[in-house]
Amino acid sequence: MPRHLLYLIVFIEGFCSLGAEVIALRRLVPHVGSAIVVTAPTIGFFLLALALGYASGAKVSERFTQTVARNFLIAALLAGLGLARLTVDGLFAHLQPAGVAYLFFIGGVLCPLAWLLGQTVPVLTNLMKHMRAGEASGYALYWSTLGSFLGSVSLSLGAMQWLGVSAAVLVCALLLALGSLRLALPGWRGWAGAALVAAAAVAINLFPPTEVDDTPYADYTVTPVALPGSHDARAFFVNNSLASLIDASEPPRYARYIVHLRHILLDELGLSGREVLVLGAGGFTLSHREPLNRYTYVDIDPQIRQIAETRLLKGPIRGDFVVDDARRYVKHTDRRFDAVVVDVFSSHTSIPGHLVTQAFWRDARRVLAPEGVLFANLILDGRLETPYARNLLATIESVFGRCGVEVLHRGKPLSNVIVSCHASSQPALTKPYTDERNGADVDLARSR
């Protein structure tokens with residue numbers, strides 16, 4: 001085999017193996033979030049399968065090019081079909097709980113793909129007989145790792161950003177099919193196999209049966225819904241989770257937590273001519289037809305505005321839109337706001353881990369005006385009894401002191417929980433009242 005062809009094949013292997021891992025992590029976000037307890041095992045399983053592939057490739061003693069050609073063709077099928085949004089969504093829709101679907105996806109798609117591609121370098125270095133063993137393996141690993149670097153960077157910052165996640169899947173599938181074709185022996189079988197795999201990958205990724213906008217950060221869907229007394233109601237789903245509602249009634253109807261927040265801001269606090277910061281854009285409905293205050297939305301996904309305007313609001317948003325990570329924005333901005341609304345999720349119940357820590361809440365407090373108020377929309381159990389609910393609320397109150405907590409759907413296992421905290425409040429030590437030492441009357445007098 002010509003040296004340049006061998007290097008091209010191992011380059012494709014590296015490009016597509018790490019590219020598949022990046023795509024898999026992105027496909028999992030709508031279903032299990034992006035927490036470290038998801039990403040770390042996924043990377044670990046991928047590396048384990050890759051290591052087992054190295055060991056299997058070391059045992060191959062004949063038919064080197066045919067073995068790699070076969071592996072590439074199967075890997076192209078796994079990537080093109082297994083990493084398609086339709087396939088991943090179908091797994092999580094039909095296999096419950098989500099942990100079962102996750103293991104099925106890892107064990108049936110990602111790990112087999114990594115195992116097949118892991119065999120490439122040890123198999124093909126058998127053909128580099130004119131070079132020393134160290135030289136042959138060194139150059140092969142160089143081109144494979146270079147492919148991994150370019151695959152992860154170009155797919156995440158290029159293909160996903162400009163063309164969508166499905167386009168990145170298609171790039172990997174087509175490259176593997178072409179690599180298989182380049183290695184296959186002359187004949188119609190190689191061409192037929194590569195053509196069938198490529199056609200299947202194109203069909204499932206470019207012509208899916210549902211209208212979903214997939215970006216590097218999230219899947220977005222706007223669907224009509226039937227609500228009693230509503231007209232032309234539309235629901236905005238972000239990563240398969242209901243983020244916003246709006247209809248064509250006069251006045252329009254919104255999601256319950258949005259109605260609740262608008263009532264507090266406009267009716268109870270009477271805000272007018274004030275600055276309101278919203279971390280996590282959702283459907284931009286908080287400021288819809290609200291001319292009294294100035295709104296600034298911050299969201300990490302630059303494409304969410306265009307999707308919300310054209311498909312949900314059917315008109316321009318009201319307010320400014322800043323493309324930035326919520327934590328980075330509150331850490332570095334010099335602006336101060338009369339109200340801050342924190343409404344950030346990566347899936348139905350999952351808030352990105354860096355947006356639940358004391359450091360984040362301190363920075364969020366920093367951008368409040370002296371008499372400002374912070375509101376956080378959380379999805380927690382209705383009784384607030386889980387460790388996550390208790391610790392998250394305790395984290396917020398360790399920064400702000402006592403905050404108001406309102407559970408909007410008490411009869412449901414999961415509910416919108418609105419936490420309201422004032423910039424003027426401070427954390428303080430508490431002393432429980434007991435029969436022996438009851439200072440309630442004194443504290444009440446001091447509080448008047």
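Which side chain does the side chain of His288 make a polar contact with?

1. **Before you start.** This is a predicted model, in which local features need pLDDT of at least 70 and side-chain atom pairs count only at pLDDT 80 or more, while totals for chains, interfaces and linings use all residues. Residues are numbered from 1 along each chain as its sequence is written, and side-chain values use heavy atoms, with hydrogens and water left out.

2. **His288 and its partner.** The answer is Tyr254: its side chain and that of His288 make a polar contact at 2.8 Å. A polar contact is a pair of N or O atoms within 3.5 Å; within protein, one must be able to donate a hydrogen and the other to accept it, and residues adjacent in sequence count only if both atoms are side-chain atoms.

3. **Around His288.** Look for His288 in the loop between strand S5 (275–279) and strand S6 (294–299). Helices (H or I, at least four residues) and strands (E, at least two) are DSSP runs, numbered from the N terminus. His288 counts as buried because its relative accessibility is 15%; buried means under 20% relative accessible area, exposed over 50%, and partly exposed in between (1.4 Å probe, protein chains only). Leaving aside neighbours within four places in sequence, His288 is in contact (heavy atoms within 4.5 Å) with residues including Ile246, Pro252 and Arg262.

4. **Aromatic pairs.** The whole structure holds 8 aromatic pairs. Rings of Phe, Tyr and Trp (its six-membered ring) pair if their centres lie within 6.5 Å; planes under 30 degrees apart count as stacked, over 60 as edge-to-face and the rest as tilted. Tyr7 and Tyr139 form a tilted pair, because their centres are 6.3 Å apart and their planes at 40°. Tyr7 lies in helix H1 (residues 3–32) and Tyr139 in helix H7 (residues 133–162), so this pair ties together parts 132 residues apart in sequence. Tyr7 is buried at 11% relative accessibility, whereas Tyr139 is partly exposed at 41%.

5. **The sheet.** Now turn to the open sheet, where 7 strands run in the order S7-S6-S5-S8-S9-S11-S10 with mixed pairing. Two strands pair if DSSP finds at least two bridges between them. Strand S7 (320–323) and strand S10 (404–407) stand at the edges with a single partner strand each, so one side of each has no neighbour in the sheet. S5 pairs with strand S8 (residues 337–342) in the parallel sense over 4 bridges, and Val276 has Ala339 in S8 as its bridge partner.
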